[in-house]
Amino acid sequence: KAMEKSRPLWDNPLQFIFACISYAVGLGNVWRFPYLCQMYGGGGFLIPYLVMLIAEGMPLLYLELAVGQRMRQGSIGAWKIISPYLCGVGVASVVVSFFLSMYYNVINAWAFWYLFHSFQDPLPWATCPLNSNRTGYEEECEKTSSTQYFWYRQTLNISPSLEASGSVQWEQALCLTLAWLVVYLCILRGTASTGKVVYVTASLPYCVLIIYLIRGLTLHGAVNGLIYMFTPKLEQLLNPKTWISAATQIFFSLGLGFGSLIAFASYNEPSNNCERHAIIVSLINSTTSVFASIVTFSIYGFKATFNYESCINKVILLLLNAFDLEEGSLTADNLNEMKDYLMATYPQEYAQLAPQIKNCSLEAELDTAVQGTGLAFIVYSEAIKNMEVPQLYSVLYFFMLLMLGIGSMLGNTAAILTPLTDSKVIASRFPKEVISGVVCFINCIIGLIFTMEAGNYWFDIFNDYAATLSLLLIVLVETIAVCYIYGIRRFEKDLYTMIGRKPNWYWKIMWAFVSPLLIISLFIFYLTDYILTGTLQYQAWDATQGQLVTKDYPGYALAVIGLLVAASTMCIPLGALVTFIRKRLKRERVSTV
């Protein structure tokens, strides 16, 4: 009966693949995977990453696509069909997607902000601005860098702590409103409009990445970055965190547990080959991560080499002026020898100068690990400003970020809207355009919190705690529900009905044993990590020092973190409890009659 329900469909299977790629291939592929490669063994990280793709990524993606396609419902309806007691699983997915939508679109607002400023010559983050007296540069900018100053002061206008909430920044609020307006126009008519947009949001980032790859490989020092990336540090394979990080990256980069994949698959033809599409989307997603890392490390190598050579040149200039040496007598090749000579010949003068002589190291520059917004809006901006025609590459880069962000938002909003439009009570009273508009408006209003002076700290709270444990629990319950409540044999028959063949032993072993054990291991790891961490802390910007400092979260922030985790996870047992009470009351009414 679920399969026979009338439902709008994708125009063709290719459109569905593009929708999944647009959703799954997001900012995490660009700013999270390169960071993990850098932290956990360079090329050696690919070994646990591929193992986790086979053991966790593809099986769980196939399971969610199959459930959505078979049940022809959003996350709430799909799990309610499998068992009425599982309605809370779908509600939990919607709650997590709602939390994600609240803060994720702020990234698109920041991308719009940087994109608009990319048309200036010179780029506004290329140099420090003058102070109010125009007698020098801003003191805060001189203590840090022009790119960090533009990010923390001119973009975020960040407060010194979470307690100092400040006011809403109207420029960022306008950019956020624009971001939500774009998302609303993309989802206005459901699959009819989203299906057209995903062709753009899925394909354009690859065009930009290819342009950046060609440019990146021709940059001075790009080879240093690529050597750093592909040099395997096999000793990291003995580090449990390497395997945990690989499993986590696969899990979150595919967007499992949010309900978006179930929603997208529910618009498929019943005979769609979801097995083939699960493999295609998984492989494209993982290949994109590696491809984006090659681009990132070529840029990273250029930035590190540029900073290293700038450091060397400053030291050479300092020594030439201090010791009145001949021009050309000091070079990068003989710098260390000359430093030893000057130290031995002029010990007192060199000792006075020593605090100003920086220890320049290319390896140290390459070892600087940055992820998230730091990589997207600071490191890339630092590299772009030193390129030829920086405005062109800045526009391309932030336009790519925008496409990746909007593509992910289409999936996030689909996870919320599909269960709402599936509800007869809501869909019969309000047209789809109104439902979409209300969801976008509510998210936009709540999202203004993230445009306040302390908004970036709240962004980090939502980013770190709103989804991690919740999604692990959701997907664990999903897997157990399909294999042990709905029944693996019954699920086999459903797949045979849809694609004409039953799943082989690989899929069944992964679903029934390997994937659940991996999720339980991840859940225990994160739970233990949170407990052992003690007082939760965050990174606050200290304008007087021009750097980030560590502070403890205040009590009310810890309460919000607890509510974020509980709001979604408690939906699962509460949903089962409410269903049990309803059935019990219904039986009692029947027995009394």
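**Notebook: a surface patch and the cysteines**

I started on the surface, where Ile480, Tyr484, Ile485, Trp505, Ile509, Phe513, Leu517, Ile520 and Ile524 form a nonpolar patch with about 940 Å² of accessible area together. Patch members have over 30% relative accessible area and no salt bridge, and nonpolar side chains are joined within 5 Å. A salt bridge means a Lys or Arg side-chain nitrogen within 4 Å of a carboxyl oxygen of Asp or Glu. Areas are Shrake-Rupley values with a 1.4 Å probe.

I kept in mind that this is a predicted model, with local features needing pLDDT of at least 70 and side-chain atom pairs pLDDT 80 or more. Numbering runs from 1 along each chain, and side-chain values use heavy atoms.

Helices are DSSP runs (H or I, at least four residues) numbered from the N terminus. Tyr484 sits in H23.

Then I looked for disulfides (cysteine sulfur atoms within 2.5 Å) and found 2 in the whole structure. Cys128 and Cys141 have their sulfur atoms 1.9 Å apart. Cys128 lies in the loop between H6 (87-117) and H7 (139-143), and Cys141 in H7, 13 residues apart. Both Cys128 and Cys141 are buried, meaning under 20% relative accessible area.

Cys311 is joined to Cys360, also by a disulfide. Cys311 belongs to H14 (residues 274-322), and Cys360 to the loop between H16 (347-353) and H17 (362-367).

Key: Patches are made of residues with over 30% relative accessible area and no salt bridge: like charges are joined within 9 Å, nonpolar side chains (Val, Leu, Ile, Met, Phe, Trp, Tyr) within 5 Å. Helices (H or I, at least four residues) and strands (E, at least two) are DSSP runs, numbered from the N terminus. Buried means under 20% relative accessible area, exposed over 50%, partly exposed in between (1.4 Å probe, protein chains only).
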